[in-house]
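Have the structure open as you read.

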Amino acid sequence: MTTKTKQLNRIDLIFKHEDDCKEILKKSFDRSSEEVINEMVNSGLKGRGGAGFPTGLKWKLTAESEEKTKYVICNADEGEPGTFKDREILTRVPHKVLAGMAMCAKIIGAKEGYIYLRGEYKYLVPQLREEIEKFHQIMAELNLDFVVDIFMGSGAYICGEESALFESMEGKRGEPRNKPPYPTECGYLDKPTVINNVETLAHSYTIMKYGAKKFRELGVKDSWGSKVFSVSGDTPIPGIYELELGMSVQDFVDDFGDGDTKAVQVGGASGFLVPRKRFAKSNIGYQGKLRGVSLPTGGSMMIFNSSRSMYNVLDNYLDFFQEESCGQCTPCRVGCQQLLKGIKAVKRGEKPAVYLDKLLKLTDTMRLTAKCGLGQSVANSFSSIVENFREEMIY
Amino acid sequence: MTMENMINLSINGIAVSVEEGKTILEAAEKLHIKIPTLCYHKDLCVAGNCRVCVVEQAGVERLVASCATPVNEGMEINTNSLKVRNSRKHIIELLLAEHNEECTKCYRNGHCELQSIAAELQITNQDFIDLVPDKNYSVDSLSPSIEKDDSKCIRCQRCVRTCADIQSVGAISVAHKGADMKISTFFNRPLNEVVCTNCGQCIVHCPTGALVEKSYVEQVWDMIADPEKHVVVQTAPAVRVGLGEELGFAPGTRVTSRMVAALRRLGFDSVLDTDFTADLTIMEEGTELLTRLKGALVDDNPNVTLPMATSCSPGWVKYIEHKYPQYLPNLSTCKSPQQMFGALAKTYYAKNIDVDPANIVSVSIMPCTAKKFEANRPEMKASGHKDVDFVLTTRELAVMIKQAGIEFDQLNEENYDSIMGIGSGAGVIFGATGGVMEAALRTAYEIVTGREVPFANLEIKPVRGLEGVKEAVVLIENVLPDWEFLEGVELRCAITNGLENAHQLMEAIDRGDRFYHFIEIMACPGGCLGGGGQPFPVDDEIRQKRMDAIYSEDLSLALRKSHENPEVMQIYKDFLEKPLSHKSHELLHTSYVKRQPY
């Protein structure tokens, strides 16, 4: 299967200095909800937190609910290892995020919105509060009954999972819920809720300003638009870059690698490791079947050069997961511990090399049976590292 | 249910239609297809965390948890595909890796849900790495009622949901995350130092041996073997309708006289009945209620508190001590039947058979784990000795019967010894929610009016059943001359079972939404028959069967009213004088303490 790929294009939309939120919001409020939803659906925008759910559809489903009380929540619990772009968006263009929330609130009929802010980003609160105050003034001027507040997370990775996030906001232990029901019908306080990533909301503002058509000039089929990437690891130019979607990993490495790139971890610890031999065949986006061909990402791109031990990399991820699993479901709680202890045992020679195959089968079970996305995706990094760097696991 | 609300689906190729909103698991149950479960329990809200019940849904790549997934029209489910089998086996292997597999040394051996699923799946080789932490430090055995062994815990959270949702106590909940995630208490204090009511509902809802009662079986054997000791045993009303389940009988089988025979064979010197002191409780508590009513209605005494609440359930007593200490004056001062029995065993009974009370060992068989705590309360030494020495649960009694090699179904039926061996039907129904109320009404109404309660066969139906809160209003009219102040009074009563219901009732009373004269509260769902010391498993269907058995036992007896119990009349004549006498106060009444709310 071949997919159309794009050359690497640096884009400047998200961070572009724009001071016209009020005008853009007014423009959007003057249009019918249906029109705005259609604009969002037509843009093809998909959730930028990593899962890639169509944003327009999410808004539409929530708008259709007849419940009186609804909520808009901005998921700023940016916890995926290697991701740091939401922090930058909230620092530099928070007004665009707030504008996205207001657009959504208007359409679905929400009166309250929350920014669920990662505990470690507490230092952002004063400037965010200032921004929210200005935003509330705009809301008053535009006559929209919508207020936004900040809810501080406490540092658990799992609270970035939307239903665990609701539990956390409700004062409970952050544990994912059973789905269905989905947040669009039963979210925060069991009310219909739109929960979007920081970047998704900022993109909504862009779409409203420039139109869906313009947005779709960027990207490829099923992966329209641009995306903010957090580039780290063995690169001379680490940092945050907005790039057009649909590029191949090869193009990315050519621009960002240090000339000795061995592998790239796409999508953070819960994403996939792409080894050198697959750079040209893999591209970044949300097309069709996920594994191997088109790689979804919340924006984390970790580059490893040949000095790195992939065993150490995997050990590090698994150590993270066995601590950050919420612990409620069996495959994730026990599975993560088994994977970590398992590779250690193989490395030490306490278990034979074929034990890795037993662990690979275990990751199949974790992918099939875990209650939430975390438990399901631990298998991604494990299998892509063990399958491609098996010898490094053993010797 | 109209046809539009029915959902059609197929499971393993067999068509089935069930009501909208039902889960795949419930649909499979209808087809008699068993899907293994661990975190699921009919009494509890769905958690979906063990993942043992996953099934394959056509068109869906991932497996779905059948307990948590509602049915959809046209759904095609496979409960036994290769994918399902492999995953299920993996999940059980994972649970076994973090489970302390000391099956032969475990109290739940043979009654363990994890063990039975592992056996069904024939998990013979365990490749995964053992994750059980240091086994020596994992057991909390400081509570007199409950032992908690984290090394056997599979984190299904059935206990947590039970403690929070059914009991509104919240003594145990989840702490930490990931590999460190465990079921813990407030600041990880031992169970005897936290808000735990010792009700033992966590035990009957635990699928493994992580939560068990503290066993005193060995101590009791030691006492039976000691020739110096005179060991008396009392049996609570609900034991006789539960014990059979542990010994091969169907739920709801009455085994009273076989149980008596078995206890005699175990070597107890005297086999007596808690029903006797249940009847005595009615005399004391009924009189206390009438005295309170007089104080409130005639004397206008501001110190009289109403409603009066029953005090037979030690789980409820500890609950109110923790959560509603301002209502402690409302608790009847009567000891529970178990403790009345203990106090009398070492006084009245000892004198009667001419044995030094120091040599009497009093053992009770209870459907309850909180009774173990109650027997250890410092107040419970009115006889000059510990009133009740050892409390065994229904399950522990079954263990002793099996250890002694008694073929329970082959036993002849035998009767209780005397004295303190006669109980009325009113005493028997103490074992069901509403029973104390019904027994009290049978007696109090008759004392006040000289007539039987105006219900056919003395069956006061409004106070019976498994509902959370039951209310009854009894109009008192044409009273005897001594009770004229009660003429025309509508006696307002409420009955609850399960502490969450008790919580709701207390809140309603506290808000002033409800006014009652008398409330009966039992800590466990269904009352004592659903107690924390009763056999596994339990759900509403089983509780209902035990309840039916209790009421049929009542109907089968000639003696149905506490005040007509000849042994009760005798003890007042020979020893206690009259209800609420000085001697009664000394031996049969108690006091309570305020406890911290966490």
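Helix α4 of chain A spans residues 85–92, and its buried residues are Lys85(A), Asp86(A), Arg87(A), Ile89(A) and Leu90(A). Buried here means 20 or more other C-beta atoms within 10 Å of a residue's own, with C-beta atoms placed from the backbone. Helices are DSSP runs of H or I of at least four residues, strands are E runs of at least two, and both are numbered from the N terminus.

What do the buried residues of α4(A) pack against? In chain A they meet helices α5 (94–108), α6 (125–141) and α8 (198–210), plus strands β1 (71–76), β7 (226–233) and β8 (239–244). A contact is two C-beta atoms, placed from the backbone, within 7 Å.

## The chain as a whole

This is a predicted model: local features need pLDDT of at least 70, side-chain atom pairs count only at pLDDT 80 or more, and totals for chains, interfaces and linings use all residues. Residues are numbered from 1 along each chain as its sequence is written, while chains are lettered from A and ligands numbered from 1 in the order written.

Chain A has 15 helices and 13 strands. Of its 395 residues, 57% count as buried. Among contacts with a separation of 6 or more, 73% join residues 24 or more positions apart.

## Two domains

An automatic or database assignment gives domain 1 (21–215) and domain 2 (310–394) of chain A. At the meeting point, 10 residues of domain 1 are in contact with 8 residues of domain 2.

Terms used. A residue is buried if 20 or more other C-beta atoms lie within 10 Å of its own, exposed if 12 or fewer, and partly exposed in between; C-beta atoms are placed from the backbone.
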